[in-house]
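Okay, thanks everyone, this will be quick. Let me put the model up and we'll walk through a few spots together.

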Amino acid sequence: QVELVESGGGLVQPGGSLKLSCVASGIIFSKNTMAWYRQAPGKQRELVAQITSGSSTTYADSVKGRFTISGDNVKGTVNLQMNDLKPEDTAVYYCNTYVWPRMYWGQGTQVTISS
(Lines give C-alpha, C1' and ligand atoms only; values in the text may rest on other atoms or scores of the structure.)
Protein backbone atom coordinates (compact mmCIF):
# COMPACT_ATOMS: atom_id res chain seq x y z
CA GLN A 1 0.00 0.00 0.00
CA VAL A 2 1.36 3.37 -1.06
CA GLU A 3 1.64 5.98 1.66
CA LEU A 4 3.01 9.50 1.51
CA VAL A 5 3.58 11.50 4.69
CA GLU A 6 4.60 15.16 4.58
CA SER A 7 6.20 17.28 7.25
CA GLY A 8 7.91 20.63 7.65
CA GLY A 9 5.19 23.19 7.08
CA GLY A 10 4.69 26.21 9.28
CA LEU A 11 4.45 29.97 9.55
CA VAL A 12 7.35 32.10 8.33
CA GLN A 13 7.87 35.73 7.45
CA PRO A 14 8.31 36.90 3.86
CA GLY A 15 11.84 36.24 2.70
CA GLY A 16 12.20 33.26 5.00
CA SER A 17 12.85 29.60 4.25
CA LEU A 18 11.21 26.25 4.91
CA LYS A 19 12.06 22.69 4.02
CA LEU A 20 9.29 20.22 3.36
CA SER A 21 9.88 16.48 3.48
CA CYS A 22 7.82 13.57 2.23
CA VAL A 23 8.43 9.99 3.28
CA ALA A 24 7.15 7.47 0.74
CA SER A 25 6.41 3.84 1.49
CA GLY A 26 4.93 1.04 -0.55
CA ILE A 27 6.70 2.06 -3.75
CA ILE A 28 10.02 1.46 -5.45
CA PHE A 29 11.09 5.01 -4.77
CA SER A 30 13.96 5.04 -7.24
CA LYS A 31 11.61 4.19 -10.10
CA ASN A 32 8.93 6.80 -9.43
CA THR A 33 8.46 10.39 -10.37
CA MET A 34 7.75 12.36 -7.21
CA ALA A 35 6.13 15.76 -7.09
CA TRP A 36 5.02 18.58 -4.84
CA TYR A 37 1.71 20.33 -5.50
CA ARG A 38 0.06 23.15 -3.61
CA GLN A 39 -3.44 24.47 -3.22
CA ALA A 40 -4.25 27.94 -1.97
CA PRO A 41 -7.73 28.85 -0.68
CA GLY A 42 -10.15 29.26 -3.56
CA LYS A 43 -7.63 28.11 -6.14
CA GLN A 44 -6.95 24.93 -8.04
CA ARG A 45 -4.21 22.57 -7.01
CA GLU A 46 -1.07 23.31 -8.99
CA LEU A 47 2.21 21.56 -9.67
CA VAL A 48 5.10 23.19 -7.85
CA ALA A 49 8.00 20.87 -8.67
CA GLN A 50 8.72 17.32 -9.72
CA ILE A 51 11.71 15.01 -9.90
CA THR A 52 11.90 11.95 -12.10
CA SER A 53 13.59 8.64 -11.42
CA GLY A 54 16.46 9.97 -13.51
CA SER A 55 16.70 13.05 -11.27
CA SER A 56 15.39 15.45 -13.90
CA THR A 57 13.55 18.33 -12.27
CA THR A 58 10.73 20.61 -13.34
CA TYR A 59 9.49 23.75 -11.59
CA ALA A 60 6.55 26.06 -11.87
CA ASP A 61 7.63 29.43 -13.23
CA SER A 62 6.52 31.11 -10.02
CA VAL A 63 9.05 29.18 -7.90
CA LYS A 64 12.03 28.86 -10.25
CA GLY A 65 15.21 30.02 -8.60
CA ARG A 66 13.65 29.91 -5.14
CA PHE A 67 12.58 26.28 -4.62
CA THR A 68 14.66 23.13 -4.99
CA ILE A 69 13.31 19.59 -5.12
CA SER A 70 15.54 16.66 -4.24
CA GLY A 71 15.17 12.97 -3.63
CA ASP A 72 16.93 10.46 -1.41
CA ASN A 73 16.55 6.96 -2.83
CA VAL A 74 18.04 5.35 0.26
CA LYS A 75 15.67 7.01 2.70
CA GLY A 76 12.74 7.08 0.30
CA THR A 77 12.17 10.78 0.83
CA VAL A 78 11.58 13.76 -1.42
CA ASN A 79 12.33 17.22 -0.11
CA LEU A 80 11.33 20.71 -1.15
CA GLN A 81 13.67 23.47 -0.04
CA MET A 82 11.82 26.77 -0.26
CA ASN A 83 13.75 30.04 -0.03
CA ASP A 84 12.77 33.68 -0.35
CA LEU A 85 9.20 32.81 0.48
CA LYS A 86 6.42 35.18 -0.51
CA PRO A 87 2.88 35.64 0.76
CA GLU A 88 1.59 34.14 -2.48
CA ASP A 89 3.36 30.88 -1.59
CA THR A 90 0.82 30.40 1.20
CA ALA A 91 -0.97 27.11 0.55
CA VAL A 92 -1.36 23.52 1.60
CA TYR A 93 1.50 21.57 0.04
CA TYR A 94 0.96 17.97 -1.05
CA CYS A 95 3.39 15.21 -1.92
CA ASN A 96 2.36 13.21 -4.97
CA THR A 97 3.28 10.18 -7.02
CA TYR A 98 1.67 8.02 -9.69
CA VAL A 99 1.55 4.27 -9.43
CA TRP A 100 -0.55 2.69 -12.15
CA PRO A 101 -3.46 3.09 -12.32
CA ARG A 102 -3.84 6.03 -9.94
CA MET A 103 -2.33 9.09 -8.32
CA TYR A 104 -1.44 9.09 -4.64
CA TRP A 105 -1.43 12.09 -2.33
CA GLY A 106 -0.17 12.83 1.12
CA GLN A 107 -2.36 14.48 3.73
CA GLY A 108 -0.84 17.89 3.06
CA THR A 109 1.13 20.34 5.16
CA GLN A 110 0.20 23.99 5.65
CA VAL A 111 2.67 26.68 4.67
CA THR A 112 1.80 30.23 5.68
CA ILE A 113 3.88 33.25 4.74
CA SER A 114 2.94 36.31 6.74
CA SER A 115 4.55 39.13 8.64
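So, leaving out residues up to four places away in sequence, which residues does T97 touch? They're V2, L4, N32, T33, M34, R102, M103 and Y104, where a contact means heavy atoms within 4.5 Å. Before I go on: this is a predicted model, where local features need pLDDT of at least 70, side-chain atom pairs count only at pLDDT 80 or more, and totals for chains, interfaces and linings use all residues. Numbering runs from 1 along each chain as its sequence is written, and side-chain values use heavy atoms, with hydrogens and water left out.

Back to T97, which sits in strand β9, residues 91-99 (strands are DSSP runs of E, at least two residues, numbered from the N terminus). T97 counts as buried because its relative accessibility is 0%; buried is under 20%, exposed over 50%, partly exposed in between, with a 1.4 Å probe and protein chains only. A polar atom of its side chain lies 2.9 Å from the backbone oxygen of T33.

Take Y93: beyond its neighbours within four places, its contacts include W36, L80 and M82.

Last stop, W105, in strand β10, residues 102-105. W105 counts as partly exposed because its relative accessibility is 33%.

Notes
Helix = DSSP H or I, 4+ residues; strand = E, 2+ residues; numbered from the N terminus. Polar contact = N/O pair within 3.5 Å; in protein donor to acceptor, adjacent residues only side chain to side chain.
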